Amino acid sequence: MNRIDRLRAMTPYETDYAQWCAEQGALLREGRLSDLDRENLAEEIESLGRSDRREIRSRMRVLIAHLLKWEFQPGHRCHSWQSSISEQRVWVEGILKDSPSLRRYPAQIFDQSYKDALPIAIQETGLRKSQFPSEPPFNAKQALDGRFWPGGPLSMDDFLRD
């Protein structure tokens, strides 16, 4: 949508979100700032930043759960675990590349992410909570480092069971 007809009524935010977005974009491009739905537009822009934070939290939770599985069930290591760990790292790094202001965020949420990941690791491994440390056995920097594999380096034996 390139131009907005000045005589046509604007689509309300609540009626058709996609049309509203297109109209707001066209208004911005045309420099018609006084016609913008400023309150809803501001809310949408703020939600984009929250979305990145939610995505990092979610990815960190999965990453930590799989790193715990990797460390505490070495006999069950497989390609799918390695893929999941690598995928979470790539996603977080991509978000951080696009939003460098969030670079410190994984470390800020790491302890809570560990607490959130622990029940996942317990459920997926069948191990007891007491078999996992109450404090993380690695930190955020290690968790996001593609060379870090808790419990030792990767070996071909880790994947022969797959």
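Gln112 is partly exposed in this predicted model, its relative accessible area being 46%, which lies between the 20% below which a residue counts as buried and the 50% above which a residue counts as exposed. Gln112 sits in helix H4, which covers residues 105–125, and the C-alpha atom of Gln112 is separated by 9.2 Å from that of Arg57, although the two are 55 residues apart along the chain.

| Helix | Residues |
|---|---|
| H1 | 17–30 |
| H2 | 38–72 |
| H3 | 79–98 |
| H4 | 105–125 |

How do the axes of H2 and H3 cross, and within what distance do they come? The two axes come within 9 Å and cross at roughly 155 degrees; since angles over 145 degrees count as roughly antiparallel, H2 and H3 are therefore roughly antiparallel to each other, and their crossing is left-handed. On the H2 side the contact includes Asp52, Glu55, Ile56, Arg59 and Trp70, while on the H3 side the residues include Trp81, Gln82, Glu87, Arg89 and Leu96. The residues of this contact divide into 12 nonpolar, four polar and six charged.

Helix H1 has 14 residues and reaches 20 Å from its first C-alpha to its last, close to the 20 Å expected at 1.5 Å a residue. Within H1, the residues Trp20, Glu23, Gln24, Gly25, Ala26 and Leu27 are buried, and what covers these buried residues includes H2.

Note on methods:
Residues numbered from 1 in each chain as written. Predicted model: local features only at pLDDT ≥ 70, side-chain atom pairs only at ≥ 80, totals over all residues. Heavy atoms only, no water. Axes fitted to C-alpha atoms, helices over the stretch in contact; angles between N-to-C directions. Helix = DSSP H or I, 4+ residues; strand = E, 2+ residues; numbered from the N terminus. Parallel < 35°, antiparallel > 145°, perpendicular 65-115°, else oblique. Left-handed = near helix turned anticlockwise from the far one by under 90°. Contact = heavy atoms within 4.5 Å. Nonpolar A, V, L, I, M, F, W, Y, C, P; charged D, E, K, R; others polar. Expected span 1.5 Å × (residues − 1). Buried < 20%, exposed > 50% of the residue type's maximum accessible area, 1.4 Å probe, protein only.
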